[in-house]
Structure formats: C-alpha cells, structure tokens
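Here is a walk through one protein model, with a few stops at charged side chains. Have the structure open as you read.

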Amino acid sequence: MAGHTPPKRLQNYYQITGFISSGTYGRVYRAKGIKGNEGRTFAIKKFKPDKEGEPTYTGISQSATREMALCAELSHTNVIQHVETYLQDKTIYMVFGYAEHDLLQIVHHHSQLAQPRKPVPGATVRSILYQLLKGCDYLHKSWVMHRDLKPANIMVTSAGQVMIGDLGLARVFREPLVPLYTGDKVVVTIWYRAPELILGGRHYTPAVDLWAVGCIFAELVSLRPIFKGEEAKMDSKKNVPFQKSQMQKIVEVLGFPGEGQWPLLKSYPEHKELGTLYGAARPPRPMGLRTWWANQMKINNYPGNDSPGDQGLSLLEQLLDYNPETRLTAEQALKHKFFDVMRDGEGPGARDCFEGCSIEYPKRKISQEEYSQSLPGTKRSGLPDDSLRPPSKRLRDGF
Amino acid sequence: MGDSGTLFSPSALLCNEDEVFLSEEYSGEAKTCMDLEYLCFVSENEDEYIKSLVQRESAIDFGSKSCVSSSCDCSSTSQSWLKGARLDAIEWIFNTREIFGFQFHTAYVCVTYFDRFLSKRYIDDEKVWTIRLLSVACLSLAAKMEECKAPALSEYRMEEINFKSKMIKKMELLVMKTLDWKLGSITPFAYLHYFINKFCGESRPKGLVSRAVELIVAITREINLMDHRPSAIAAAAVLVAIDDQFTKKELELKMSVISLWGSLENEHVFSCYNIMQNIEMGKVKTPKSVVSPKLLSSMHSSSIDVIENSSSTISAGTKRRLTFTNSDRTCPVKRSHRA
C-alpha cells in the first residue's frame, strides 16, 4: 500500500546550485541531479507556504493545484518537462527539466547586448516558431489552453529545444471558464492579449494562444513587443477598465477591425469602445502589417538570404487575424508554407533552433546571492527556507 | 425517485437542469454571441472531443476494482462502517455543493477523488472523522480544479466537527499525492449532450436532462465510481431517462450507434442501466443515509430563503452561467420536505 514506504526526499536526489527567480507563487531554484540523475540540471519550483491563519485562506492555491494536475498528465518535447512533484515538510516542490535560455533573454541579447545590432537569424526564428506551435498544438489537442504565452514563458535549451513553460494559468477547456481577473489580480500579460479578450469576450478559446504566438513571432523579428500598450489599472471599486492603450497599439498597426472580417465583432460587450478609441480626434492612419514588416526587415538589417521572407509575413498576418474564428489554429499554422523546409519535423532546425547558428547566447543568470539569502540558517521572516536541508526531525507523511 | 428524495430532491434537481443545460455545452437557447461562438466550437468537433475524453478515462483507471463499493464482494463487517461513512460523505458533498452553488460536475469529481483515494489507502477502523476530513479536502480540491473561484477553507462547514484550515490543507496534499497529482477528472455530465443527441436526435422527451442528472447523482451512492467509466454511466442514465423498461435487445440496438468502446464496455452500460432501473423502482438495497436531522433542518431554513420559481432561473440562466460571479454561488433551489 502507498504510504508504507518511507517517503522519498528531495535532497537525496537533487542538490540546489543557484536561484533562478521568484514570483507570487514562490521561488525557482536550479539544481543538479545526484543519485541516478547525475549530469542533468533541473529547475525546482518551490511553492510559497501560505498564510494559514487568514479567514480567506483556501489551502493550496488554485493555480498551484491546476499546474500540478496539468503537469502530471502532459508530456511533449515542446512542453516543459515535468519530472516529479515532492510534498515534503508541508511544502510543494515541482521538479522540471532545466533550460539555459528563454525567448525574453534571446530577444534582449539582440536588442541590447549585441553590437552592431543583428537580427535573430531567420532560420532560428523559423525553428523557434515551429517548435512553439508544435507545443501549442499538443496542448490544444489535449484540451489545454496556456493563456499566458509570452517570451519569458518560452524556454530554450542549449541544444535548441524550445519548450512552453509555466502552466500556472493553463486551463482545461470546456469546463467552467475562468474570467480574466481572479480576485484583484490581472492574470494575463496585456501585450500578448487577444483582441476578443480586450473587447470583453469572456470565453477563452485556444485562439487566444495563437494571437500570442503571432505577437511572439513579431517580437522575434522586431526585437520589441509589437503591441506595447500601457495597462489600464483597475479602479478602487475593482471595475475592470477597457484596455484602451493596448487596443490603440493594435489598431495603429492593423487598422480597425470590421464586421466584414469579423462578423461577430458587434456582439462583444466592449465593441463600442472602438468608436471612441481616439476621442474626438481623427484616428491615425494605420500602418498596415506589410509596412510594419518591411520596416522591421530594414531596421534590423535582415539579409536577403536569411530573412523570414514573404512567407513569414503571410503566416504572421494569419496569426494576427482579428477574428478568432478564422485565425489559424496551431495545426493549420504548422502546415503553412513558411514551414515547408521543416518537412514534417525531419528538416533542418525542426528540433534545434540553434542549428547552423553562430551566435553564442549567454546562459541564464543564476544568482548565488539570492540563493545564499535563502540558504538554511539565513532565514527570512515568514519563509521557512530550511526545508531543502536534511531535516532534523522527520515529518510523517500524512497523518 | 421515491426514497432518495430526502437526499437529492427532484425539485432541487430542477434547478440543476438549467444549470446543466446552460453550462457551456448545453446553452441551446443562447442568444449572445459568446454562446454562438462557443456552440460552433462545440458542434464542430464534438465527436473528436468525446473520443479524447474516453481515452483519458482509461488513463485515470476507471473500471478498476476496489473495496468501498457496495457491489464489492469483499465488504466484510470491517468495511460496513466505511460504506455508511461513504454515504454520509456523499450526502454532505452534494448538500455542500448546493450551498456553494457548485456544478454537479464538481461534486461528482469530488466523489471520484474520494473513491480513488480509498482504493489506494486504508483508513483505520471507525475513524469517521478521517472520512469527514477526506470529504472536505476532496471537495476543496474539486472546487479549485472545476469552479472559477474556490471558497476559503473556513467556509466548509460540517455538523459536529469543523477542521482547522491547516488540517484540511494537509489532507489536500495527501489526497493529491495519493492520486499521483492527477486531478483531471471526467464525469458523466460531459457526455450527456452527446448521448442525448445520439439516442434521441431531435425528439427529446421533456425533462430528459433532469432525469439523467438525477440518475447520475443517485448512482454515486450505489457504486464505487472507479468501477465504471463515466461514459458508461452517462449512456445508461440517458437510456433510463428515455425509457426504464428497455429489454436487453433494445438496449443493444440503441448502443449499436455508439462506436466509442467495445462490447466489454457495453456490459458496463447494461449493468449501470440495471442499477438505475432499480433506483427508479425504489428497489435499491442501500439504506437511507444516516443524516443527522439537525443538519437537514438547518439546510432547509437556509435554502428556503433563496427559493424562487425555477422558470425565472431558466431565463436568467444564460448570463448567470457566463459571468459567473460570486453571486452565482447561491443557486436558487427549492427543496422539498423530507419524506
């Protein structure tokens, strides 16, 4: 029977080697494998112990519960590899495969660090996108929507394997749909938010992920977010405001959506906001995605023989389609001509986005300081961070 | 439904009919665009969706045997207390579902966690409080997985015993671990729309959905949910709701339009059909649950305030379902008096 075997302890299999990041959920550490896991590196997400005393305390947080449940059932090359979950000393640890890079870092390397400015090679962009769409396709076929795709959540290993990470907001669809705002926190990053959500659509469909993929594609090419709006904050009564600035940014490139293209447009609760987007002033002439694309090719010095080309533009146009019904699905996008060279996963770069790439991307920064702060014995208030050390008293598993 | 009316009164289920109908897949009358949008999505790939659900069922070990089931041979005397405790737990789960306005689906998911847990771990004799703690933890986990917003742990109330939040959380973790962190759950409700379409097409008898829902809820008391696939339970419920006097031949004929599973699973449908048939005829052997009268009476008074006629709920339902704010939790319910 389960429960009669002595519990497996995290520190017998992993050794923490650094601190990666922290967030509302808790902290992420880098660890190296020991005892059978030698030579492999892992990321360990440690969930924050919560404030048990509060009357509103809900136990394990909703997002942690869902992330663990989803990770336990998903497995794909292009989705972050969930190795195992530990429950020990009242804390949850999720062990994931480790990736040295993420798309945010890669974009940052090109926009800030590399001088003179060089674009992300066309072949790399294509491979990243291909792998990202493969991961999306898998998630959607498993009836899971990610709902928070953005460069920081797309991991890349040093072997060029692209993996979708952070399933904290992911959701199985066809089950109750979660509103954008849970409690008083805005949960989806605004720059990658699909127009149907901005216009008040309350149903998530997988199409919201494909809009985000379009935005990420554009960002890989232009090295900055294509629609970098300013987030309107909630008022004191927690009314959710219309995200005017974000909508403006989209309209400035794509032009206003029309019913011809998007027949259901007028049924979205906030569609009237489109009429007052610029107040009494005359709306600016939209740039058009083609012009935007041509400008980016120029600004970033894309060489003729290694640019995402016209096929890239065509794919982007179909991903940044206002109408969620006609926007490409992940499966359709993978069949786009842009990916013909991938030959259904057998072509160059189908599995390695750095294939033929001469750029050395810097590895993820691992902070030893942050880590040392949370080392056993250097306890910060409220967070019992000594739990990665062999415990002095063995807590019973269960009750 | 006779005796079991005490537990889940038919009129309480009326409200559930709109709930079921108006949840995403059933919003047949939907007028707003969002529903249209969603409906198109549903109809386009329902077959594919249903197939993937059936596949996932196998991954969650549905169909495996364990010892809590009333149909199980190994229910020795030492297990009989567990049987009673399970019935009480189900009673509490469905009552609490009503108080919070959770979907039936959520309560059902909770019972599957409960049964899966007990199929993997023993609970020492007569420790009724552990069963109670297990029910709270399972319901809380199910709410987190399936509802938009989960109540605070301190909001879960039990007669006689109220657990500290810390305690419930600890149990939540143990449940997750025991279930191998696999909390994705499939319930018969997901299949109702599909089977109703397959078995009756356009000519739907009145009250079909509420009958089927009622039967699904009722069968949770009779079987260990791990013993039958949710799809088989759903198919049986729809069939009984259409006609509870089908012969085996007629059932086989009905089932022949379904190509989801093999003949082995058809046997499961027949066995569920029989159990539900007995429920219909009031022949079930499972004793009426030992509910404390105090609990029931307090439930009465609290739910009577929210009584209003259910037709208004039906018309207002679409929006309610879609916005799903906190107020949705107080699903208006009419509760009949105890039999």
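Predicted model: local features only at pLDDT ≥ 70, side-chain atom pairs only at ≥ 80, totals over all residues.

## A buried charged pair

The partner of A:Glu196 is A:Arg327: their side chains meet in a salt bridge, 2.8 Å from N to O. A:Arg327 counts as buried too, because its relative accessibility is 2% and the cut-off for buried is under 20%.

## A salt-bridge network

Next, look at the spot where salt bridges with shared partners join A:Asp137, A:Lys141, A:Glu331 and A:Lys335 into one network. Within it, A:Asp137 forms a salt bridge with A:Lys141, and the closest N and O atoms are 3.0 Å apart. Both of these residues lie in helix 3 of chain A, four residues apart, so you're looking at about one turn of the helix.

A:Lys141 counts as partly exposed, because its 45% falls between the 20% and 50% cut-offs. Over all chains, the salt bridges come to 16.

## The open sheet

Now for the strands. Five of them form an open sheet in chain A, in the order 1-2-3-5-4, with antiparallel pairing. The edges are strand 1 (14-23) and strand 4 (82-88) of chain A, each of which pairs on one side only. On average, neighbouring strands of this sheet are turned by 25 degrees against each other, if you ignore direction.

Eight bridges join strand 1 to strand 2 (residues 26-33) of chain A, and the two run antiparallel. If you want a landmark, A:Gly18 stands opposite A:Arg30, a residue of strand 2 of chain A.

## A helix across the strands

Helix 1 of chain A (residues 62-73) lies across strand 3 (41-47), strand 4 and strand 5 (91-97) of chain A. Its direction makes an angle of about 40 degrees with strand 5 of chain A.

Which side chains meet in a salt bridge of 2.9 Å, N to O? They are A:Lys45 and A:Glu67. A:Lys45 is in strand 3 of chain A and A:Glu67 is in helix 1 of chain A, 22 residues apart, so this pair links distant parts of the chain. Both ends are buried: A:Lys45 has a relative accessible area of 7%, and A:Glu67 has one of 3%.

## An exposed lysine

Last stop: A:Lys118, in the loop between helix 2 (103-113) and helix 3 (122-141) of chain A. A:Lys118 is exposed, because its relative accessible area is 52% and the cut-off for exposed is over 50%.

What is A:Lys118 in contact with, leaving aside its neighbours within four places in sequence? The answer is A:His110, A:Leu223 and A:Asn300. A:Asn300 is 182 residues away along the chain, but its C-alpha atom and that of A:Lys118 are separated by 6.3 Å.

How values were computed: Residues numbered from 1 in each chain as written. Chains lettered and ligands numbered in written order. Heavy atoms only, no water. Pairing = 2+ DSSP bridges. Axes fitted to C-alpha atoms, helices over the stretch in contact; angles between N-to-C directions. Contact = heavy atoms within 4.5 Å. Buried < 20%, exposed > 50% of the residue type's maximum accessible area, 1.4 Å probe, protein only. Salt bridge = Lys/Arg side-chain N within 4 Å of Asp/Glu carboxyl O.
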